[in-house]
Amino acid sequence: MNDKQNSIFFPDGAAPASAAENTVPETEPARQYYFMEKTRELLEQQGYTGKDALSFHVTTFGCQMNARDSEKLRGILQYVGMTESDSEECDLVLFNTCTVRENANLKVYGRLGELHGYKKKNPKMKIGICGCMMQEKSEVEKVRKSYPFVDIVFGTHNLYRFAELLYRSFAGEKHVVDVEEADPAIVENLPIERKYSFKSGVNVTYGCNNFCSYCIVPYVRGREKSREPKDILREIENLSKDGVKEIMLLGQNVNSYGKTLETPVSFAELLSDVEKIDGIERIRFMTSHPKDLSDDLIDVMAHSKKICRHIHLPLQSGSTKVLSEMNRHYTKEDYLRLCEKIRTAMPDIAITTDIMVGFPGETEEDFLETMDVVQKVQYDSAFTFIYSPREGTPAAGRDDFIPDNVVHDRFDRLLDLIHECSAAQAEKHMGEIQNVLVEEVNSHDPSLVTGHMGNNSLVHFKGSPDLIGQTVPVKLTESHDFYYFGEAVSE
Ligand code: 5AD
Ligand code: SF4
């Protein structure tokens, strides 16, 4: 449960003035606004208005980028007059998919079967699939052949054209598919429906140029593109006017932000400008590639009152040999030095990470190097993954895969160590009073509310729903690895 009332947000402050043109505009976003108006008219003509409005649900798989994309999809669906449903048993379900690991794909296909059942009961129901999986030709083909009941298919590159695809579907086209390969445009100022009123993601870059040898993201999200700083800053100013207190700057590698702009800007410079925006209390960012994290960034963070004391710094492996085969461009020692530098500048910072086990050719010695980094860095928390071969990536072509039993044994040992580190880190903050931005009523115990501290730890404490969206000082009274129980303190 969260506090969000339906209220569409426009990154530029308002919809473009030309929204109701009568000829199809060729430029974006005017073209999409035209199709949103057309879809709204069409639905009205078909009687789907007021209490008879069609309902929709967007299900998000995967990362923060996808979560932000889903907010854009929801904004468009609201703009055309549809109403959001909590359930997938409704008139339009969109699956915004992830393909970073094999089991992400399997999950989607499993859930599609369930949707088919709902569609049999509600023949006017439409089903759409979009996101990273739909940038893969083989997956689009599989949907076309094995899931013919899917009405709309589009990839991440085509997301900005969703309004146009929606219109074509409601106008009667049976299978609307738009998975063009072309380099995607950055289209600004489409409507957005945020999940939370008081916090928001903000894209700073799209795509990735790093080509880590295991990773499919550069193939499905395309080349890295930075948004212009003025567009980012205007969006954040408008978010602040709309009640947002916390923003999360989003990119696959935020540290390379701005390098390819006509007038290059560094991520550290962008952060300094974001800091000046009134009303924004907390600034977060994700993800930082260790190879590009600059001293300037550490300096800006250390002197900032708003940038949260948290950095997510994917390690992937602690073995210099494996890191080189992963094409990560840093050694074990580089990584350790970087963490040391960050901790020296900000002793209270939380460092979190992503770690993979079972990369092809990983030996027990390589794995022990990973364990050694975990032990030395003492992460606050870590996402751990088992290597999953992705078709078309260099690592998937290797023939030295690690047997499942070995991988699982390493994975379990890694998890145990991470739990130990998380518990030790959490213990350090016990008894402190920390500001918690309250996000929702606790799903297990409605007498509790839940929010995050600046360092991203989760805190549950006794409180009423009217605290949602407020920053509350909370004394930490009980620690459990990566979350706390606490008590609100009156100031
Ligand atoms: N197999 C397992 N984990 C992967 N990741 C990316 N690609 C793969 C893969 N093929 C993990 C990395 C990355 C996180 C988002 O997902 O750890 O940082
Ligand atoms: Fe994938 Fe590497 Fe790019 Fe991250 S930096 S998205 S792991 S290729």
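Reader: How do you know that β7 and β10 pair?
Author: Two strands pair if DSSP finds at least two bridges between them. β7 and β10 (residues 246–250) have five bridges, in the parallel sense, so they pass. Strands here are DSSP runs of E with at least two residues; helices are runs of H or I with at least four, and both are numbered from the N terminus.

Author: The model is predicted: local features need pLDDT of at least 70 and side-chain atom pairs 80 or more, totals for chains, interfaces and linings use all residues, and side-chain values use heavy atoms, without hydrogens and water. Residues are numbered from 1 along each chain as its sequence is written, while chains are lettered from A and ligands numbered from 1 in the order in which they are written.

Reader: What makes β7 and β11 edge strands?
Author: The open sheet has three strands in the order β7-β10-β11, with parallel pairing. β7 (199–203) and β11 (282–286) each have a single partner strand, so one side of each lacks a neighbour in the sheet. Neighbouring strands are turned by 25° against each other on average, direction ignored.

Reader: What makes α7 a helix that lies across β7 and β10?
Author: Contact means heavy atoms within 4.5 Å. Helix α7 (residues 229–241) lies across both strands and runs at about 170° to β7. Helix α8 (residues 267–275) touches β10 and β11, at about 155° to β11. Such angles run from 0 to 180 degrees between N-to-C directions, with axes fitted to C-alpha atoms, for helices over the stretch in contact.

Reader: Which strands make the closed barrel?
Author: Five strands run β15-β16-β17-β19-β18, with mixed pairing. Their neighbours are turned by 50° on average, direction ignored. Five bridges join β15 (residues 433–441) to β18 (residues 471–480), and these two run antiparallel. Val-436 stands opposite Val-472 in β18.

Reader: Why do six residues around ligand 1 count as nonpolar?
Author: Ala, Val, Leu, Ile, Met, Phe, Trp, Tyr, Cys and Pro count as nonpolar; Asp, Glu, Lys and Arg as charged; the others, Gly among them, as polar. The shell divides into six nonpolar, two polar and three charged residues. Its members include Val-100, Met-356 and Arg-390. A residue is near a molecule or strand if one of its heavy atoms lies within 4 Å of it.

Reader: What makes the Glu-28 to Pro-29 bond stand out?
Author: The peptide bond is cis, with omega about 5°. Pro-29 lies in the segment before α1 (30–45). Another cis bond joins Met-286 and Thr-287, with omega about 0°. Most residues other than glycine have a negative phi, and most peptide bonds are trans. Asn-189 has a positive phi, near 65°, and lies in the loop between β6 (176–178) and β7.
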